[in-house]
Amino acid sequence: MEIGYVARLIAIITTCIAAVIMVTAKVTISSKYDINKDVKFSIISALKYFLAANVIVFIYSIIALLISIIKKLKPINLLWIALADLVAVSMLLTGNGAASAVSAELENIDDGFARRVCSFYCRFCSQINASIGMSMVGTALYVALIILSLVIAYRRSRCPSAC
């Protein structure tokens with residue numbers, strides 16, 4: 001098995017785990033008036049974008065892995081895969097940035113609702129941070145895949161028959 005296949009498989013797993021953790025991040029807060037409020041990713045649009053970016057990259061990765069396993073890719077096709085990986089990296093980075101901003105805001109607010117969420121319900125904020133961390137690992141793997149694809153494409157274009 002090639003290193004590119006393994007890296008792409010691990011990237012698929014990390015983006016899937018990031019999405020699953022984000023979907024399951026939920027806490028119910030009850031007030032003194034017996035009013036329960038569910039806090040989950042879907043009430044914050046930046047976290048929705050983070051989830052969407054991870055799901056889209058997860059689906060793209062499965063398709064790209066299947067294409068690269070089925071066909072022995074030519075250098076020009078490797079460049080297209082590298083370009084698509086670059087788009088995936090940009091989606092993940094913007095999603096990570098948005099979710100990180102929300103996480104930093106939730107943990108550093110000194111008043112109001114967010115303080116209650118992270119002070120008393122640390123699990124919710126920890127799940128958001130774990131999801132961001134898994135997505136960051138996936139992002140790093142995609143950067144490595146881009147470099148690997150470009151190096152392989154360069155080598156194959158230099159000696160197409162002997163290599």
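Start by selecting Asp85 and Arg8: both are buried, a word used here for under 20% relative accessible area, with exposed meaning over 50% and partly exposed in between (1.4 Å probe, protein chains only). Before going on, know that this is a predicted model, in which local features need pLDDT of at least 70, side-chain atom pairs count only at pLDDT 80 or more, and totals for chains, interfaces and linings use all residues. Residues are numbered from 1 along each chain as its sequence is written, and side-chain values use heavy atoms, leaving out hydrogens and water.

**Stop 1: the buried pair**

Zoom in on the side chains of Asp85 and Arg8, which meet in a salt bridge at 2.9 Å, N to O. The term stands for a side-chain nitrogen of Lys or Arg within 4 Å of a carboxyl oxygen of Asp or Glu. Asp85 sits in helix 3 (residues 75-108) and Arg8 in helix 1, so this pair ties together parts that are 77 residues apart in sequence. Helices here are DSSP runs of H or I with at least four residues, numbered from the N terminus. How many salt bridges does a search of the whole structure find? It finds one.

Stay with Arg8, in helix 1 (residues 3-24). Its relative accessible area is 5%. Not counting residues up to four places away in sequence, Arg8 touches Tyr60, Ser61, Ala64, Leu65, Ile81, Asp85, Tyr142 and Leu145; contact means heavy atoms within 4.5 Å.

**Stop 2: further along helix 1**

Now select Thr14, also found in helix 1. Thr14 counts as buried, at 5% relative accessibility. Leaving aside neighbours within four places in sequence, Thr14 is in contact with Met134, Val137 and Gly138.

**Stop 3: helix 2**

Next, select residues 45-70, which form helix 2, and find Ile63 there. Helix 2 has 26 residues and reaches 38 Å from its first C-alpha to its last, close to the expected 38 Å; that expected span is 1.5 Å times one less than the number of residues. Among its buried residues are Tyr60, Ser61, Ala64 and Leu65. Ile63, by contrast, is partly exposed, at 45% relative accessible area.

**Stop 4: the recorded regions**

Finally, colour residues 6-29, 49-70, 76-93 and 132-154, where UniProt (unreviewed entry) places the feature "transmembrane region". Such annotations may be inferred rather than shown by experiment. Residues 49-70 are 100% helix, with end C-alpha atoms 32 Å apart. Residues 132-154 are also 100% helix, and their end C-alpha atoms lie 33 Å apart.

Definitions and conventions: Helix = DSSP H or I, 4+ residues; strand = E, 2+ residues; numbered from the N terminus.
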